[in-house]
Amino acid sequence: MNNIASFAADYSEAREKFLAAARLTDAQTFRYDNPTKGPKGESLSTDVAWVGPTDASKVMVTISSTHGVEGYCGSGFQVDWLAGVGASGLPKGTAALFVHAINPYGFAWTRRVTEEGNDLNRNYVDHSKPYPVNEGYLEIADDLVPADFSDAGRAAADARLAAFRRKVGDVEFFRAVSGGQYSHADGMFFGGGGPAWSNRTLHAIVERYLKGREDVAVVDFHTGLGPYGYGEPITHYDIGTGGSRRVRNFWGESVTESKRGQTASQARDGLGHYGLNRVLQEPQTRLTMCTLEYGTFDRESGQKAFRADHWLHKYGDPLGKEAEPVRKAMRRQFYPETDDWKEAVLFRGHQVVRQAIAGLQRGPL
């Protein structure tokens with residue numbers, strides 16, 4: 001446990017390590033093939049591993065790579081848990097389900113988005129209803145991903161973005177940028193014009209493994225917001241509901257709830273949290289979910305890297321010479337490859353998952 005060798009150098013190695021660790025603990029595995037290929041022509045897939053009794057009434061679930069490149073973090077934890085804890089860490093009647101690389105395209109291509117260009121954590125809306133409108137994004141869309149990405153072009157776009165930020169304030173600015181939008185398919189934080197492959201795959205996994213269970217806890221691993229190396233459990237339950245009470249019971253005062261205004265995340269629509277809560281509902285299933293968000297570097301550098309990535313895939317050549325520095329910046333922003341950061345990820349990950357397993361044993365609150 002807490003072995004930084006659990007982390008991988010790329011998507012293919014992460015998958016190999018995950019499957020090897022699953023074999024060590026005699027996990028049952030299943031593969032969902034993604035229709036696209038990686039930058040080297042490699043096959044892509046979401047893989048799942050089930051540990052524990054198949055008829056377990058309580059299931060602990062971890063998800064990696066909702067935001068593609070952020071998968072290094074969650075994958076490293078999943079490998080470490082499987083290889084170091086395994087079935088011995090599960091009480092009677094409890095199982096663990098590991099969803100590895102739910103967005104394998106983004107993981108392999110060092111992007112946050114899916115092959116459809118969707119931000120998966122904005123894609124879990126009800127696509128049969130009108131999409132939310134992000135008025136702020138409409139005003140700044142062309143400056144976030146300008147066609148002219150020269151020094152002068154970026155400087156002009158940045159000046160206009162700074163003016164917009166002064167006009168609306170920091171909170172509204174970040175909400176406009178990252179709250180999610182459904183108008184610009186090649187823009188940032190696009191929620192999609194329909195359920196992405198990764199969305200459909202997660203629902204298939206839920207249908208196969210989680211429907212009918214009494215208690216399910218989900219920890220979805222993310223990176224990019226907050227203090228360097230700290231893992232913040234974020235949830236989105238309405239105040240006063242059973243879910244809100246359970247998250248406090250599971251993770252105590254460290255959990256932050258968006259409905260209480262406690263988190264820096266501006267995501268509001270299309271979250272995986274809402275998608276899972278639509279299909280795993282009380283009284284049949286009590287779902288207790290958090291996003292475990294690990295801090296890396298400052299938000300401004302993250303936006304810079306993300307804007308460059310979108311420019312590359314909209315106006316540039318993703319396999320050309322300009323791609324390397326863009327991918328390098330994305331990788332650094334969402335996967336700091338330092339030993340202390342990896343150690344922090346593993347320590348906090350084991351703590352949060354251990355707390356969730358303990359919480360599952362308490363039943364109704």
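A: Contact here means heavy atoms within 4.5 Å. The model is predicted.

Start with the pair H4 and H5. Helix H4 covers residues 135–144 and helix H5 covers residues 151–168; their axes come within 9 Å and cross at roughly 160°. Angles over 145 degrees count as roughly antiparallel, so H4 is roughly antiparallel to H5. The crossing in which H4 passes H5 is left-handed. On the H4 side the contact is formed by Gly136, Glu139, Ile140, Asp143 and Leu144, and on the H5 side by Ala157, Arg160, Leu161, Phe164 and Lys167. Sorted by class, the residues of this H4 and H5 contact are five nonpolar, one polar and four charged.

The pair H6 and H10 is arranged in another way. Here the angle is about 30°, with the axes 13 Å apart, H10 being residues 299–315. An angle under 35 degrees counts as roughly parallel, so H6 and H10 are roughly parallel to each other. H6 passes H10 in a left-handed crossing. H6 brings Phe173, Phe174, Val177 and Ser178 to the contact, while H10 brings Arg299, Glu300 and Gln303. Those residues of the H6 and H10 contact divide into three nonpolar, two polar and two charged.

The loop between H6 (170–178) and H7 (197–209) holds Phe189. Its phi is positive, about 55°, although Phe189 is not a glycine. With a relative accessibility of 9%, Phe189 counts as buried.

Ile205 lies in H7 itself. Ile205 is also buried, with a relative accessible area of 1%. Leaving out residues up to four places away in sequence, Ile205 touches Tyr32, Thr46, Val48, Leu97, Val99, Ile102 and Leu210.

In general, nonpolar side chains in soluble globular proteins tend to be buried together. Apart from its neighbours within four places in sequence, Leu97 is in contact with Val48, Ala49, Trp50, Val59, Met60, Val61, Thr62, Ile205, Tyr209 and Leu210.

The loop between strand S4 (94–100) and helix H3 (104–109) contains Ala101. Ala101 has a phi near 60°, which is positive in a residue other than glycine. Ala101 is at 0% relative accessibility and so counts as buried.

Trp81 is in helix H2 (residues 71–84). Its relative accessibility is 4%, so Trp81 counts as buried. Not counting residues up to four places away in sequence, Trp81 touches Gly86, Leu90, Ala96, Phe98, His350 and Val353. By contrast, Arg166 is 85 residues from Trp81 in sequence and 46 Å away in space, C-alpha to C-alpha.

Two partners of Trp81, His350 and Val353, also take part in the contact of H2 with H12. H2 and H12 pack at an angle of about 65°, with their axes 10 Å apart. Their crossing is right-handed. From H2, the contact takes Cys73, Gly76, Phe77, Asp80 and Trp81; from H12, it takes Trp341, Val345, Leu346, Gly349, His350 and Val353. The classes in this H2 and H12 contact are seven nonpolar, three polar and one charged.

The loop between helix H9 (272–279) and strand S8 (286–295) is the place of Pro283. The peptide bond from Glu282 to Pro283 is cis, with omega near 10°. Further on, Thr291 is in S8. At 10% relative accessibility, Thr291 counts as buried. Residues up to four places away in sequence aside, Thr291 touches Asp220, His222, Glu232, Pro233 and Ile234.

Definitions and conventions
Residues numbered from 1 in each chain as written. Predicted model: local features only at pLDDT ≥ 70, side-chain atom pairs only at ≥ 80, totals over all residues. Heavy atoms only, no water. Axes fitted to C-alpha atoms, helices over the stretch in contact; angles between N-to-C directions. Helix = DSSP H or I, 4+ residues; strand = E, 2+ residues; numbered from the N terminus. Parallel < 35°, antiparallel > 145°, perpendicular 65-115°, else oblique. Left-handed = near helix turned anticlockwise from the far one by under 90°. Nonpolar A, V, L, I, M, F, W, Y, C, P; charged D, E, K, R; others polar. Buried < 20%, exposed > 50% of the residue type's maximum accessible area, 1.4 Å probe, protein only.
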